[in-house]
Amino acid sequence: MSHAGNPLSDPKKRKAQTMLVHGGMERSQHGETSEAIFFNSGFVYPTSAGAEARFKGDEPGHIYSRFSNPTVEMFQQRMALLEGAEAARATATGMAAVTTAVMAQVRAGDHAVAARALFGGCRFVIEDYLPRWGVDTTLVDGRDPANFEKAMRPNTKLIFVETPTNPTLELVDIEAVAKIAHAHGALLIVDNVFATAIWQKPLELGADIVTYSATKHIDGQGRAMGGIILGSKELIEADIHTIIRQTGPSISPFNAWVMLKGLETLPLRVKAMTESAAKIADFLADHPKIETMRYPLHKSHPQYELAKRQMGAGSTLVAFSVKGGKAAAFKAADALAVIAISNNLGDAKSIISHPSTTTHQRFSDADKLEMGITEGLLRLSVGLEDAEDLIADLAFALDQV
Ligand SMILES: *Cc1c(COP(=O)(O)O)cnc(C)c1O
């Protein structure tokens with residue numbers, strides 16, 4: 001080939017934005033420019049012996065799209081390059097990724113520790129499902145690493161955290177918690193949805209497994225559900241691959257293709273959205289109708305120093321509570337003309353939600369308070385609209401309170 005000797009022939013020598021456009025690309029015999037959608041369930045074999053060899057693992061190749069598929073494989077490869085992971089497996093949703101990653105580490109008689117401030121579904125898996133399968137769980141205040149140390153037992157197999165947390169944007173010190181996990185022979189799983197791979201690299205900080213809801217920033221345009229699990233070849237290709245193969249939380253090739261195309265513009269979108277989010281955080285911080293405002297890289301954040309250490313920027317989300325509780329929060333949200341009331345995040349469209357009555361509704365008042373979810377709290381996912389319009393929209397809405 002004419003580009004023999006060109007150092008950029010090695011995908012690992014390319015910068016992130018280049019990898020996100022080309023990484024994992026596998027062209028068919030037709031030489032298509034864009035990634036092809038292999039929208040098929042099965043694969044044919046040249047001979048019976050060929051089928052036997054493939055099932056035995058003696059010959060490479062796809063067998064069935066529940067286990068692997070060329071389009072899904074391209075998405076996995078591209079994500080692994082972005083994350084700096086040895087291997088990845090995509091799933092149908094973010095929750096399928098979290099459930100699979102957790103299931104692979106524990107069996108009856110084991111113990112798991114998690115930070116208590118979690119996305120609703122993640123907390124359900126840890127708090128309700130693991131005990132049903134005979135796995136004891138302990139939830140701790142994740143802001144202080146010492147709380148994880150205290151919770152560890154000889155049979156603790158994993159620590160699960162989300163940072164920044166949903167919806168309160170509290171942080172967990174990934175490096176400190178990874179050290180605690182490893183000192184006790186446990187693994188650290190980090191749900192990195194809020195920070196995105198653009199602003200935080202948990203594997204570099206010592207985490208063993210990273211999960212994403214690809215539904216959020218990776219698609220980023222409100223179209224498709226998906227998830228992905230990343231880590232070492234050893235962790236991913238053993239139990240995690242087997243659980244996906246045998247229980248079937250597999251992603252549709254079409255959704256994997258949507259995610260692949262999303263990755264091409266991920267840094268551009270996340271950077272623009274983050275820039276707007278930082279401006280909105282500044283605007284809200286001094287607003288007279290606001291009780292508290294949380295944004296990881298705002299000087300007022302109680303964990304500002306940690307944010308500076310482990311995040312490249314403050315992310316695309318801002319959490320704030322309106323003075324006057326639920327009635328005031330509802331009034332403000334209802335007065336917005338551009339920002340929509342919805343519960344997705346990481347979307348090109350700005351979205352606001354009232355966690356206490358929606359995503360975290362099922363929790364008791366005591367649990368909500370412990371997680372910092374007050375009646376006046378709103379979570380804003382900042383989209384790709386003009387930042388001046390978003391600030392004007394918020395200013396009008398808050399004036400109505
Ligand atoms: C949305 C989300 C999930 C779940 O992802 P789905 O794709 O909706 O299943 C898990 N963790 C976090 C932090 C999320 O925001």
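A polar side-chain atom of lysine 216 lies 2.8 Å from an oxygen atom of the ligand, a polar contact (a pair of N or O atoms within 3.5 Å; within protein, one must be able to donate a hydrogen and the other to accept it, and residues adjacent in sequence count only if both atoms are side-chain atoms). This is a predicted model: local features need pLDDT of at least 70, side-chain atom pairs count only at pLDDT 80 or more, and totals for chains, interfaces and linings use all residues. Residues are numbered from 1 along each chain as its sequence is written, and side-chain values use heavy atoms, leaving out hydrogens and water.

- An N or O atom in the side chain of serine 213 is 2.7 Å from a ligand oxygen atom.
- Glycine 94 uses its backbone: an N or O atom there lies 2.8 Å from an oxygen atom of the ligand.
- Around the ligand are 15 residues, and the closest include Asp191 and Thr215 (near means a heavy atom within 4 Å).

**The nonpolar cores**
- The largest nonpolar core has 30 residues, and Phe75 and Met79 touch the most other members.
- Such a core is a set of buried Ala, Val, Leu, Ile, Met, Phe, Trp, Tyr and Cys residues joined through side-chain atoms within 4.5 Å.
- Buried means under 20% relative accessible area, exposed over 50%, partly exposed in between (1.4 Å probe, protein chains only).
- Helix α10 (253–285) is one of the elements that each supply at least two residues of this core; helices (H or I, at least four residues) and strands (E, at least two) are DSSP runs, numbered from the N terminus.
- α10 gives the most, with seven residues.
- Methionine 79 touches Tyr212, Ile218, Ile228, Leu230 and Leu263, not counting residues up to four places away in sequence (contact means heavy atoms within 4.5 Å).

**Helix α2**
- In α2 (residues 48–56), Gly50, Ala51, Ala53 and Arg54 are buried.
- They cover an arc of only 165° around the axis, so they sit on the same side of α2 (the arc is that of the directions from the helix axis to the C-beta atoms).
- Ser48, Ala49, Phe55 and Lys56 are exposed on the other side.

**Isoleucine 236**
- Isoleucine 236 belongs to helix α9 (residues 233–247).
- Isoleucine 236 counts as buried because its relative accessibility is 0%.
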